[in-house]
Amino acid sequence: MTIFSRIIAGELPSYKVAEDDKFYAFLDINPIAWGHTLVVPKQEVDYFFDIDDRQIGEMMIFAKKVAEAIKSAIPCQKVGMAVLGLEVPHAHIHLVPLKTEGDMDFKHKVKDPSPEKMKEVCEKIAAAFNKG
Ligand code: AMP
């Protein structure tokens, strides 16, 4: 079981921003920008491009809704998207609010993100998602 499956199962905590029957979205614990969110399929697949055609399409539609929520909750110009997957073997999309091109730099991390601020950001995005 991957660490993300354990999060989805509720065995490990997460800052959940959205969920449906197939996908789960939560804040990256080591964000590169405030509002940095991960979207994962509940079904465990390691490599993003191994996700079957139907599911990868559905995942993009779910990620689009999460990106819209991020954009309305976090001041930014656009929401960027990236797939890396070198660290956690459970396919996921990174959604990152961008003001400048440099905001998508995975070497840059938010310094000591406090649980209070993570919770605040999470609640803002979740509220925007639920508003639709
Ligand atoms: P990668 O697999 O290279 O796309 O990176 C995995 C991402 O997952 C990194 O940005 C980590 O900060 C993030 N991550 C790892 N463990 C957790 C966790 N328990 N909760 C939230 N994000 C996590």
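Q: What does the side chain of serine 5 make a polar contact with?
A: The side chain of glutamate 44, at 2.6 Å. A polar contact is a pair of N or O atoms within 3.5 Å; within protein, one must be able to donate a hydrogen and the other to accept it, and residues adjacent in sequence count only if both atoms are side-chain atoms.

Q: Is this an experimental structure or a predicted one?
A: It's a predicted model, where local features need pLDDT of at least 70, side-chain atom pairs count only at pLDDT 80 or more, and totals for chains, interfaces and linings use all residues. Residues are numbered from 1 along each chain as its sequence is written, and side-chain values use heavy atoms, with hydrogens and water left out.

Q: OK, back to serine 5. Buried or exposed?
A: Serine 5 counts as buried because its relative accessible area is 8%. The cut-offs are under 20% for buried, over 50% for exposed, and partly exposed in between (1.4 Å probe, protein chains only).

Q: And where is serine 5 placed?
A: In helix α1. Helices (H or I, at least four residues) and strands (E, at least two) are DSSP runs, numbered from the N terminus.

Q: Let's switch to the ligand. Which residues come nearest?
A: Of the 16 residues around the ligand, those are Asp28, Glu87, Val88, His92 and His94. Being near means that one of a residue's heavy atoms lies within 4 Å.

Q: How far is the side chain of aspartate 28 from an oxygen atom of the ligand?
A: An N or O atom of that side chain is 2.5 Å away from the ligand oxygen. Valine 88 uses a backbone N or O atom instead, 2.9 Å from an oxygen atom of the ligand.

Q: Which element gives the most to the shell around the ligand?
A: That's α1, with three residues.

Q: What kinds of residues make up that shell?
A: Ten nonpolar, four polar and two charged. Here Ala, Val, Leu, Ile, Met, Phe, Trp, Tyr, Cys and Pro count as nonpolar, Asp, Glu, Lys and Arg as charged, and the others, Gly among them, as polar.

Q: New topic: what's up with the phi of aspartate 112?
A: Aspartate 112 has a positive phi of about 40 degrees, although it isn't a glycine. Its place is in the loop between β5 (93–98) and α3 (115–131).

Q: Why does aspartate 112 count as exposed?
A: Because its relative accessibility is 65%.
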